[in-house]
Amino acid sequence: MTGAARDPAPRENARALAERVARRSYGRLVAWLTAQFGDVTLAEDALSDAFTEALRTWPDRGPPDRPEAWLAAVARRKLLSEKRRAATAARLEPALALIEHERAAETAAGVAAAPDYRLALMAALAHPAAPAALHAPLMAQTVLGFEAADLASAHLVSPSAMAQRLVRAKRALRESGALFEMAAIAPPERLGAVLEAVYTAFGLAWNDRAPAHHGRTGQETEPPRPRGRALAEEALHLGRLIVEQQPESAEAQGLLALMLYAHARRDAQRDAAGRYIPLEAQNPTQWSAELMDEADASLARANTLPGAGRFQLEAAIQSLHAARRLADAPREPPWRAITLRYEALLNIAPSAGVITGAAAAIAKDRGAAAAMRFLDLRRDPQLERYQPYWATRAEVARRLGSREAVRAEAVRAYELAIGLTEDPAVRSFLLERQRGL
């Protein structure tokens, strides 16, 4: 009817269903399509078009019985049409023939019956054709659904620079044919990049603070991507899958333990009113005992294996914090032991996060003056854009005393930390600390 108001409920329900499918299946669908066609960019574009088609048709026609299989079929048809029109890559003909042969079976059984190609795609994205520094961002974007802006923040570069680098890297992978070499298990030389990508995704999802995806147009026809807690749990699932495939990797075991320790504390991060609670002030009885026990077991396994590295050390630090949950544990974490482990980490992986964590531990172990000297010696342009660095520097300056110069340093650091904070609860916490000066 012309001019009649359209009931928004069906469209809202359709989008909600598409978002649920995206949270559960986005990376799996991209990986499956890439395994068949060998082109991750085209796979992403086809899946984006399939989500757009779903948002256009589901409100009127009703959702299909198997939404995931429907999306896979639509995306596959688009890819087949595109490849036939191009008809310039002879090496794709076997893949096209295979997909046509499996079409009837897949429509009946659904894509859920197909193998899970996510780890295979992640390993393929770590091919030497793409720069090593972009291996983890490529995986986080392609398999775990992050935008270039999210990854730019994590890697301390501008969103436009990250977007351009990712486009160039995907083009290089396509031209090299690397994505036709997807192996079920990551080669040893690529495992580190796979672990780094999973850790990046988990860290970005930690606070449920990622904004909704709007894409190029800002309209609701843009495809939904997995976010927040669901993405953290997806990273955990991939971590467990890697350990199943490579149980003798100390770093895989260490990464799983590290994520489990953090995820076990997720619900203790906020009080009943939604206010942020820092780790030291959290109530250990609110931590998940089941996840903590799983983390302990994974770290214990890592400690029996050769090849200790960054993730195993970081997990060891978290295990020292987690020991507070034990009945006979002291109220304060063992700061000297934590500091020593951070010093070992600084020798093998001196990242912004490690520098910040080390400063916080040194402040507790050796005093605020020692921590400030450490921070001054570690000045780096990348730290200027790293929110935890300024939050930690503010706390260290706060503990130094009430001298006017020290107070001014603390105020400035708090202001910078607050300006870089996206989480409203953390921002309120820092504002309160700043007012306390």
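This is a predicted model: local features need pLDDT of at least 70, side-chain atom pairs count only at pLDDT 80 or more; totals for chains, interfaces and linings use all residues.
# Helix packing and buried cores

Student: Which residues in α17 meet V426, L430 and R433 in α19?

Tutor: To meet is to be in contact, that is, to have heavy atoms within 4.5 Å. Both helices are DSSP runs (H or I, at least four residues; strands are E, at least two), numbered from the N terminus. The residues in α17 that meet V426, L430 and R433 in α19 are Q387, A391, E395 and R398.

Student: Are α17 and α19 roughly parallel or roughly antiparallel?

Tutor: The axes of α17 (residues 387–400) and α19 (residues 424–435) come within 12 Å and cross at roughly 25°; axes are lines fitted to C-alpha atoms, for helices over the stretch in contact, and angles run from 0 to 180 degrees between N-to-C directions. Angles under 35 degrees count as roughly parallel, over 145 as roughly antiparallel, 65 to 115 as roughly perpendicular and the rest as oblique. The two helices, α17 and α19, are therefore roughly parallel.

Student: What is the handedness of the crossing of α17 and α19?

Tutor: A crossing is left-handed if the near helix is turned anticlockwise from the far one by less than a right angle, and right-handed if clockwise. For α17 and α19, the crossing is left-handed.

Student: How is α11 directed relative to α12?

Tutor: Helix α11 (residues 250–264) packs against helix α12 (residues 289–303) at an angle of about 160°, and their axes are 8 Å apart. That angle makes the arrangement of α11 and α12 roughly antiparallel.

Student: Which residues of α12 make the contact with α11?

Tutor: The crossing of these two helices, α11 and α12, is left-handed. On the α11 side, the contact includes A250, Q253, G254 and L256. On the α12 side, the residues are L291, M292, E294, A295, D296, S298, L299, R301 and A302.

Student: Is W287 buried or exposed?

Tutor: W287 lies in the loop between α11 and α12, and among the residues it contacts beyond four places in sequence are A264 and M292. Buried means under 20% relative accessible area, exposed over 50%, and partly exposed in between (1.4 Å probe, protein chains only). With a relative accessible area of 6%, W287 is buried.

Student: What is the relative accessible area of Y117?

Tutor: Y117 is located in the loop between α4 (93–109) and α5. Its C-alpha is 8.8 Å from that of V30, although Y117 and V30 are 87 residues apart in sequence. Y117 is partly exposed, and its relative accessible area is 22%.

Student: How many residues does the largest nonpolar core have?

Tutor: A nonpolar core is a set of buried Ala, Val, Leu, Ile, Met, Phe, Trp, Tyr and Cys residues joined through side-chain atoms within 4.5 Å. Among the residues with the most contacts inside the largest one are L71, M122 and M139. Beyond four places in sequence, M139 touches residues including M122, L125 and A193. The number of residues in this largest core is 81.

Student: How many residues does the second core have?

Tutor: The second core is separate, and it includes I338, L383, A397 and A410. Its number of residues is 36.

Student: Why is α6 described as largely enclosed by the rest of the structure?

Tutor: The residues of α6 (residues 135–142) that are buried include H135, P137 and M139. The helix is called largely enclosed because the count of buried residues is eight of the eight.

Student: How far does α9 reach from its first C-alpha to its last?

Tutor: Helix α9 (residues 188–205) has 18 residues, and its buried residues include L191, A193 and V194.

Student: How far apart in space are L119 and L191?

Tutor: L119 is found in helix α5 (residues 118–125) and counts as buried at 7% relative accessibility. Beyond four places in sequence, its contacts include V194 and L238. L119 and L191 are 72 residues apart in sequence, and their C-alpha to C-alpha distance is 10.0 Å.

Terms used:
Residues are numbered from 1 along each chain as its sequence is written. Side-chain values use heavy atoms; hydrogens and water are left out. The expected span of a helix is 1.5 Å times one less than its number of residues.
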